[in-house]
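Subject: Handover of a structure and findings

Dear colleague,

Please find below the structure I am handing over to you. The findings follow directly after it.

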Amino acid sequence: MDKKEKKFIIAMIVLAVVVLGVIWYLKVGYLLKKPEMPEANIAIQTQMVDGGAISLRNADYTENQIKVGYEVKGYSLEEYNIACELYRDGNLISTSGSTGGGLIELDEKHYYFIGYENITQMNLPESIHLNVEIKVIPNDFRQKSITSSFDVSLDKEVK
């Protein structure tokens, strides 16, 4: 083999490694990456409770679902569970504790709740006022749950 053939083979090997690395990232590495909390789309509301902080950061309302994003800091997830409930006019319309609610843990302090249970059956108006309750529930039943309540008004988005 002369120098040109060796350079060509080395270039092909380098190209193959780069292509395989890109394929691995797109197929495997991308799936391993946890989703991130989007930038806040509402005025962030924060409450300090029992040495921790609970913040409502995002809220969206469409025809079939209501999504809320929130941050919980200062509580160990080994000792507590997180839940979210959505109320309209004092009536529960969706909860992460139900079979139709979808609570997504983005990382150890960010959560996204996609409420769609009951919402598709309800005839909700174009604008709604919600009460969002975020609950930090201790694993030890002798301890009291921590609840933060936030109010948010939303206009239905057309998609």
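Strand β4 (residues 80-88) pairs with β8 in the antiparallel sense, over eight bridges. Please note that the model is a predicted one. Within this pairing, the bridge partner of Y80 in β8 is P138, and that of Y87 is N131.

Strand β8 covers residues 127-138, and nine of its twelve residues are buried. This strand also pairs with strand β9 (residues 146-155), again in the antiparallel sense, here over ten bridges. I128 stands opposite L154 of β9.

These pairings belong to an open sheet of four strands in the order β5-β4-β8-β9, with antiparallel pairing. Its edge strands are β5 (91-95) and β9, each of which pairs on one side only. Neighbouring strands of the sheet are turned against each other by 30° on average, with direction ignored.

Turning to charged pairs, the structure holds six salt bridges. One of them links K135 with E85, where the closest N and O atoms are 3.3 Å apart. This pair connects distant parts of the chain, since K135 lies in strand β8 and E85 in strand β4, 50 residues apart. Both K135 and E85 are buried.

A salt bridge also joins D89 and R88, with 3.9 Å between the closest N and O atoms. D89 counts as exposed because its relative accessibility is 66%, while R88, at 24%, counts as partly exposed.

R142 and D140 form a further salt bridge, and their closest N and O atoms are 3.0 Å apart. R142 has a relative accessible area of 68% and is therefore exposed; D140 is partly exposed, at 26% relative accessibility. Salt bridges with shared partners also join E85, E133 and K135 into one network.

Is S55 buried or exposed? Its relative accessibility is 5%, and the limit for a buried residue is under 20%, so S55 counts as buried. The side chain of S55 makes a polar contact of 2.8 Å with the side chain of T46. Leaving aside residues up to four places away in sequence, S55 touches I44, Q45, T46, G69, Y70, E71 and F150.

Yours sincerely

Note on methods
Residues numbered from 1 in each chain as written. Predicted model: local features only at pLDDT ≥ 70, side-chain atom pairs only at ≥ 80, totals over all residues. Heavy atoms only, no water. Buried < 20%, exposed > 50% of the residue type's maximum accessible area, 1.4 Å probe, protein only. Helix = DSSP H or I, 4+ residues; strand = E, 2+ residues; numbered from the N terminus. Pairing = 2+ DSSP bridges. Polar contact = N/O pair within 3.5 Å; in protein donor to acceptor, adjacent residues only side chain to side chain. Contact = heavy atoms within 4.5 Å. Axes fitted to C-alpha atoms, helices over the stretch in contact; angles between N-to-C directions. Salt bridge = Lys/Arg side-chain N within 4 Å of Asp/Glu carboxyl O.
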